[in-house]
Amino acid sequence: MAKRGAEENIVKEVEGGENQAHPYAFHVSGPRNVSSPNWRDLINSSWKDGNYKRTVIACFIQAVYLLELDRQENGTEENALAPKWWMPFKYKLYQTLIDERDGSIFGAILEWDRSAALADLVLIRPSGAPRAVLVLRGTLLKSLTIRRDVEDDLRFFAWESLKGSVRFKVALEALKSVAEKYGSSNVCVAGHSLGAGFALQVGKALAKEGIYVDTHLFNPPSVSLAMSLRNIGEKTGFVWKRLKSMLPSSSSSETEEERGDKSSDENITTNSSSSYGVGLKNWMPSLYGLKNSGVALGKWVPHLYVNNSDYICCSYTDPDGTEENNNGGDKENVGPRNNGQMAAKLSVMSKGNQKFLEAHGLAQWWSDDLELQMVVHNSKIISRQLKSLYTLPPPQQTQGKHPR
């Protein structure tokens with residue numbers, strides 16, 4: 001970060017006066033070591049590299065933030081900031097997603113730019129590069145957008161769902177449209193912060209219809225009032241049972257109910273302490289698909305990028321316990337857990353104690369010194385978000401006489 005800050009100051013000093021580079025200009029704050037597609041990608045595509053793909057998609061999301069910033073600052077075609085964040089990768093703007101209530105741009109569809117690629121002798125689209133990418137921004141604390149952005153933040157915080165938002169409907173229709181146009185295997189959806197919450201839920205909505213779209217979620221929100229209250233209740237009950245088991249019993253023999261409580265506590269402790277150890281065994285089958293009639297495991301595997309110092313998304317790294325009480329909260333997330341096998345790829349960055357704005361920022365995901373740990377284990381939040389996809393279908397009733 002210090003290096004990038006020094007480079008930014010140098011650029012400003014060189015250009016000077018009214019021609020100072022904007023701090024959000026691609027050449028100032030964008031990635032340093034990412035190449036544009038070239039003829040070599042026809043042989044070995046850069047898009048097959050997970051780091052490259054993560055970096056480019058993060059740049060696309062930044063472009064959406066800047067589309068709205070350009071709009072608010074009445075940017076012209078000559079000084080617009082947003083296009084510089086997709087043009088180096090041979091993409092073009094296909095459609096903007098607009099909130100009709102305040103006219104703000106909250107998302108965009110970027111499409112592979114064949115003409116620009118041909119100009120650099122890239123004859124065909126590199127393997128792994130999506131035909132279209134739907135990208136959704138998070139909260140933008142500007143006077144013209146803050147009201148609607150915070151309204152959706154509060155919606156998720158209270159209900160753990162964004163389905164009631166105008167933006168959810170617009171994003172879902174846009175994703176369906178490009179999936180039908182190009183095929184779901186050629187489409188990607190991504191978002192940051194609040195935008196990641198929308199991307200997760202529209203991706204899940206399509207997955208329920210059997211349409212599986214590549215999904216990338218940066219700093220997805222995991223905090224909700226409903227979940228917090230539920231977790232407080234669970235922890236209070238657990239502590240009380242532990243305390244009760246330590247008190248001297250008035251009877252020499254335990255009742256059957258008390259023995260059941262103790263057994264439940266022991267199971268919770270065992271599952272919590274061993275979740276990291278057995279997590280890989282539990283998750284690997286769902287990453288490759290399970291041969292389970294009626295259950296489409298492994299066909300939709302969202303990619304999550306979280307920072308342990310970001311309190312908005314760090315709960316995704318919490319191990320999954322035995323959450324049997326599914327009362328309350330968003331009904332779409334309630335259902336059988338199918339043995340806890342929920343498919344997702346979780347990338348975690350931990351740099352010790354970081355300030356919130358740095359830990360929650362988008363720029364970290366294209367940083368040169370980024371070190372990620374791929375984590376595969378049971379996560380309570382992921383299980384809650386994905387469990388409705390993997391609910392076993394009800395048994396079919398057959399009519400007629402039963403065979404003797």
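Reply: Let us start with a term: contact means heavy atoms within 4.5 Å. Please keep in mind throughout that this is a predicted model.

Me: Which residues is K90 in contact with, leaving aside its neighbours within four places in sequence?

Reply: With those neighbours left aside, K90 is in contact with P37, E111, W112, D113, A116, A117 and D120. K90 itself lies in the loop between helix 3 (50-72) and strand 1.

Me: Why is K90 called buried?

Reply: The relative accessible area of K90 is 9%, and buried means under 20%, so K90 is buried.

Me: What makes E151 and R101 a salt bridge?

Reply: The rule asks for a side-chain nitrogen of Lys or Arg within 4 Å of a carboxyl oxygen of Asp or Glu. For E151 and R101 the N to O distance is 3.0 Å, and their side chains therefore meet in a salt bridge. The pair links distant parts of the chain, with E151 in helix 5 (residues 146-159) and R101 in the loop between strand 1 (91-99) and strand 2 (104-112), 50 residues apart.

Me: Are R137 and D149 buried or exposed?

Reply: R137 is buried, with a relative accessible area of 3%, and D149, at 0% relative accessibility, counts as buried too. Both values are set against the cut-off of under 20%. R137 forms a salt bridge with D149, the closest N and O atoms being 2.9 Å apart. Here R137 is in the loop between strand 3 (132-136) and helix 5, while D149 is in helix 5, twelve residues apart.

Me: Why is the pairing of E209 with K176 called a salt bridge?

Reply: The closest N and O atoms of E209 and K176 are 3.2 Å apart, which is within 4 Å, so the pair meets the rule. E209 is in the loop between helix 7 (194-208) and strand 5 (214-218), and K176 is in helix 6 (residues 166-182), 33 residues apart. E209 is partly exposed at 48%, as is K176 at 28%.

Me: How many salt bridges does this rule give?

Reply: The count comes to 13 salt bridges. Those that share partners join D99, R101, R137, R148, D149, E151, D152 and R167 into one network.

Note on methods:
Residues numbered from 1 in each chain as written. Predicted model: local features only at pLDDT ≥ 70, side-chain atom pairs only at ≥ 80, totals over all residues. Heavy atoms only, no water. Helix = DSSP H or I, 4+ residues; strand = E, 2+ residues; numbered from the N terminus. Buried < 20%, exposed > 50% of the residue type's maximum accessible area, 1.4 Å probe, protein only.
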